[in-house]
Amino acid sequence: MAMIEIEGLTKRFGGVTAVDRLTLAVEAGEFLTLLGPSGCGKTTVLRMIAGLEVPDAGEIRIGGKTVFSATRGLFVSPGKRGVGLVFQSYALWPHMTVRQNVAFGLEIRKVEPARMQKDVSEALAYMHLEGMENRYPQQMSGGQQQRVALARMLVAGPEVFLMDEPLSNLDAKLRIEMRVEIKRLHREAKATTVYVTHDQTEALTLSSRVAVMEEGRLVQATPPREIYRRPANLFVADFIGSPTINLIPGKIVQKNGRTFFEGEALSLPTPALAAHVGAEVTAAVRPEEIRIETGESGDAVSGEVYAVLPAGSETIVQVRRKGRIFNVRVMGETSLNIGEIVCMQFIPEAVIFFQGDQGNRIDTGQE
Amino acid sequence: MNEKSPFVNRLGLKLKQPQVVLGLLLVVILTGLVVVPFLQLVHDTAVWQEADRRMSRTAEPGAWTLFHYLRVFASPLSVNIFYRPLLHSLATSLTISLTAMLLGGLMAWLVVRTDMPFKKTIAVFAVIPYVLPSYTLALAWLDFFKNERIGGAVGICTYLFGVTPPDWLAYGFIPIVITLSLHYYPFTYLLVSGALISLDSNLEESGEVLGASRFRILRRITFPLMLPALISAFILTFSRAVGTFGTPYFLGAPVRYFTLATTIYTSIVNRTPAVAYIGALVLILISMVIIYLNQKVIGEKSFVTIAGKGLRRRVTPLGAWRWPAFSLMAALIGLAVFVPLLLLLWQTLMLYPNDYSLGNLTLHYWIGKSQAALAEGESGILRNAQILGAAWNSIRLSVIVALITGMMGILIGYAVVRGRKTNLAVVLEQGSFLPYLIPSIAFGAIYLALFSKSIGPLPPLYGTFFLLILVCVAKNLPFSARSGISSMMQVAGELEEAGMMAGANWLQRFRRIILPLTLAGSLSGFILAFISTMRELSLIILLITPETRTLTTMTFRYVEQGYSQFADAIILLIVILVVGGEFLARRLGGKRETI
């Protein structure tokens with residue numbers, strides 16, 4: 001098991017800064033996902049850890065050993081970093097059979113033939129590829145190719161697994177199957193894993209920690225639950241969650257000695273924000289934190305049902321209030337009709353606030 | 001910003017990237033192969049040569065002078081040694097290009113877009129003329145039309161019809177244009193048929209829906225869309241034709257009809273190399289202007305007509321013209337391929353020239369032993385040590401050149417594709433195109449200029465086999481670089497990166513991953529270099545010495561001596577080797593692909 005430490009990592013392509021002074025430590029045995037929209041630099045970070053890209057500045061240490069340092073002019077080649085990489089395209093060699101693909105790395109390392117046979121067979125069996133040794137990659141399905149790519153990585157016994165959107169080329173059903181497979185792999189091999197994806201469900205289900213990136217910078221690196229519940233800023237709040245979080249711009253005001261959030265479509269008591277009176281803020285509520293009731297009730301606000309989108313186990317209801325659409329998640333099915341007037345009830349503790357100007361979350365000391 | 005990294009470290013890291021190291025190395029090699037010889041040529045046109053002492057008393061070898069330029073451009077000799085050959089070069093090349101464009105374009109349209117019978121057969125035979133050496137037709141033409149002018153036997157024409165062909169039909173402009181047009185039309189055929197195949201018929205049909213007549217559609221829609229391909233074909237043909245040596249020499253020299261290419265040769269033979277070098281510079285200039293114009297025109301007029309899948313091709317019914325069209329195409333191919341080869345074969349089987357009776361047929365010139373009474377006692381080509389030696393040289397040269405050029409093509413492809421968009425990659429890609437700008441005979445002249453004397457510790461390479469390899473490799477680079485780059489594009493960078501992750505060093509990655517994956521795609525580069533070296537005459541004629549002679553230069557010698565049986569037999573031998581070589585390469589390549 002090896003820890004990965006990254007300090008001040010910077011990479012520019014021409015005039016574009018792809019990765020900007022990124023500092024991050026991945027604990028030994030951890031499963032860390034780099035998450036962000038395309039072009040945020042997550043794949044570049046992974047490739048720099050692997051040694052396929054030479055950074056412009058910064059330092060990378062794997063298992064305490066420095067593999068890259070700009071100041072010392074140090075660069076350890078990919079094959080000597082003790083890391084394995086699964087490519088988005090799998091990058092299986094089309095002119096080699098499955099067995100040859102998996103054996104290649106061992107041949108390069110001059111492992112003795114008997115040992116090599118055994119290791120390759122074990123890796124193939126581990127990935128349920130028995131009987132396919134002599135096939136060529138193009139003769140296999142996407143899922144099987146993925147398994148070969150994983151076997152090829154495993155056989156060399158790396159201390160660090162790097163995976164670059166490995167599931168993005170698979171259909172939805174296979175993706176779930178392979179997700180389970182990767183989770184099993186990580187648990188059994190106990191290798192430190194860095195996983196790149198733009199799919200938040202994948203990130204939230206697989207990882208022990210999610211690192212969200214935006215335009216080359218690290219925004220937040222916390223466990224999945226934290227990312228979802230306490231996003232560091234508006235970008236993370238908006239990026240994570242489907243349907244997206246409800247955002248309501250407004251202001252913190254004081255009325256009759258009590259602190260309120262005053263937005264155009266919503267007003268809520270917010271005693272925890274007394275220190276922020278007068279500030280422009282954005283209130284954010286997850287769709288499942290709003291309750292819909294058909295009758296009038298205390299502090300609920302009314303709106304008109306705009307759309308009803310059933311999705312089997314849940315239903316997304318869109319409610320319009322004062323020109324603003326609210327996404328509401330309702331478990332199971334609902335008998336609501338479009339145009340019906342309903343009440344939305346907000347749970348004040350579940351509402352998070354962000355600074356109006358910079359978009360950083362305001363710490364209310366809750367949870 | 002923590003920009004503490006010192007420059008030296010960054011440079012060191014850069015130099016660890018194989019595409020950078022390789023790219024630099026290749027740029028150095030290209031400079032040595034093309035740029036340095038070119039500069040030497042320019043230099044030699046502007047200084048006194050040792051040989052110039054004959055011409056001017058003020059000649060001081062090594063000192064700068066404009067003497068040569070004045071002599072070529074503004075002296076009483078200029079008309080003969082420059083202006084008239086220039087005019088001849090332009091006139092023949094222009095007419096050849098237009099004729100070839102017409103023939104090739106027509107054939108492409110008939111094969112791709114009409115219901116002409118036996119289209120597939122015509123398509124198979126259409127490109128054969130290009131595989132033959134360019135002067136095959138010229139020799140066949142001589143066998144047929146030769147008159148008393150150059151001495152020796154007269155041609156079959158006189159024997160069959162009892163008419164002596166006039167000089168204008170036997171030699172000079174007309175035969176040069178006819179034979180080279182028949183040789184070069186496959187360029188147009190290939191380019192235009194490619195463009196026609198990828199042209200979506202919907203574009204034409206939408207014209208039809210608007211009520212345009214068929215001729216109007218052809219003129220207003222099809223033709224303009226074909227224009228880029230036609231222009232490319234024209235340029236390609238022109239730049240080849242202007243630099244070719246064999247045909248204009250065989251057919252032009254007897255009546256002193258010289259082109260720039262043949263003037264370059266005679267100037268070298270007459271020991272006025274500076275005149276030859278200036279001629280070469282002018283050829284290069286013409287070629288560059290033409291190619292520049294091509295880039296400009298094509299750059300503005302490249303149409304995206306490829307619609308991917310679901311492309312439909314409409315077939316134009318020819319009606320009553322179906323069979324006449326087929327007959328015309330069959331006749332064209334017959335005249336370009338079968339008639340000349342049969343003429344050559346017949347010639348090689350005649351014991352005494354001039355006697356076309358069956359009783360005169362013999363295999364003497366193929367397998368006969370030396371007889372004092374025949375051809376000064378030279379034995380048949382298959383037991384003639386000189387010719388077999390030349391054949392061995394040709395095969396050796398072609399195979400070595402094909403291997404080196406093909407390999408360099410793959411390496412250039414690697415450095416260009418992996419180093420994409422870096423300045424180095426751009427320089428390398430464009431640099432590998434340079435030899436294309438230099439007509440063959442001029443390229444030979446450049447090499448003569450540089451390698452006829454010793455360079456530093458290097459002895460003069462003139463007269464060595466190695467020099468022939470160098471010049472053929474350099475001249476063939478543009479095409480193999482193209483095919484190397486395009487086949488490297490098919491190999492995703494991740495396939496090599498996966499090798500890096502497995503710990504393979506560059507050599508291991510190249511040998512076990514990149515080479516196997518690009519070899520099949522680069523095969524056309526290998527084959528083309530092989531074929532073009534096997535039949536190369538213009539490029540090496542200035543660099544050949546008796547020890548390094550090849551089949552092509554032997555043909556040339558025999559034609560000059562008037563032994564058409566030997567000359568023709570060697571041409572047939574070259575054709576057999578070229579076709580055999582291509583067949584073999586395709587077999588080997590085919591096997592590799594099905595692994």
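1. A quick word on contact before we start: two residues are in contact if their C-beta atoms, placed from the backbone, lie within 7 Å. With that in hand, look at helix α19 (residues 423-431) of chain B in this predicted model. Four of its residues are buried, namely Ala425(B), Leu428(B), Glu429(B) and Gly431(B). The cover over the buried residues of α19(B) includes α2, α18 (385-418) and α20 (434-437) of chain B.

2. The assignment gives domain 1 as 17-47 + 387-546, and domain 2 as 66-307 + 319-348. Taken over C-alpha atoms, the centres of domain 1 of chain B and domain 2 of chain B are 27 Å apart. Where they touch, domain 1 of chain B brings 20 residues and domain 2 of chain B brings 27 residues.

3. Which elements give two or more residues to the side of domain 1 of chain B that touches domain 2 of chain B? They are α2 (18-45) and α21 (440-451) of chain B. Of these, α21(B) gives the most, with 7 residues. By class, this side of domain 1 of chain B has 15 nonpolar, 3 polar and 2 charged residues.

4. Now to the contact between the chains. Chain B supplies 23 residues and chain A supplies 24 residues. On the side of chain B that touches chain A, the elements giving two or more residues are α1 (7-14), α23 (493-501) and α24 (506-534) of chain B. The most comes from α23(B), with 6 residues.

5. Over in chain A, do have a look at the open sheet of 5 strands. Its order is β16-β20-β17-β18-β19 (chain A), and the pairing is antiparallel. Which strands are at the edges? Those are β16 (290-293) and β19 (324-331) of chain A, each of which pairs on one side only. From one strand to the next, the twist averages 45°.

6. Strand β17 (residues 301-310) of chain A and strand β18 (residues 314-321) of chain A are joined by 6 bridges in the antiparallel sense. For a specific example, Leu309(A) has Ile316(A) in β18(A) as its bridge partner.

Note on methods: Residues are numbered from 1 along each chain as its sequence is written. Chains are lettered from A and ligands numbered from 1 in the order in which they are written. This is a predicted model: local features need pLDDT of at least 70, side-chain atom pairs count only at pLDDT 80 or more; totals for chains, interfaces and linings use all residues. Domain bounds come from an automatic or database domain assignment. Ala, Val, Leu, Ile, Met, Phe, Trp, Tyr, Cys and Pro count as nonpolar, Asp, Glu, Lys and Arg as charged, and the others, Gly among them, as polar. A residue is buried if 20 or more other C-beta atoms lie within 10 Å of its own, exposed if 12 or fewer, and partly exposed in between; C-beta atoms are placed from the backbone. Two strands pair if DSSP finds at least two bridges between them. Axes are lines fitted to C-alpha atoms, for helices over the stretch in contact, and angles run from 0 to 180 degrees between N-to-C directions.
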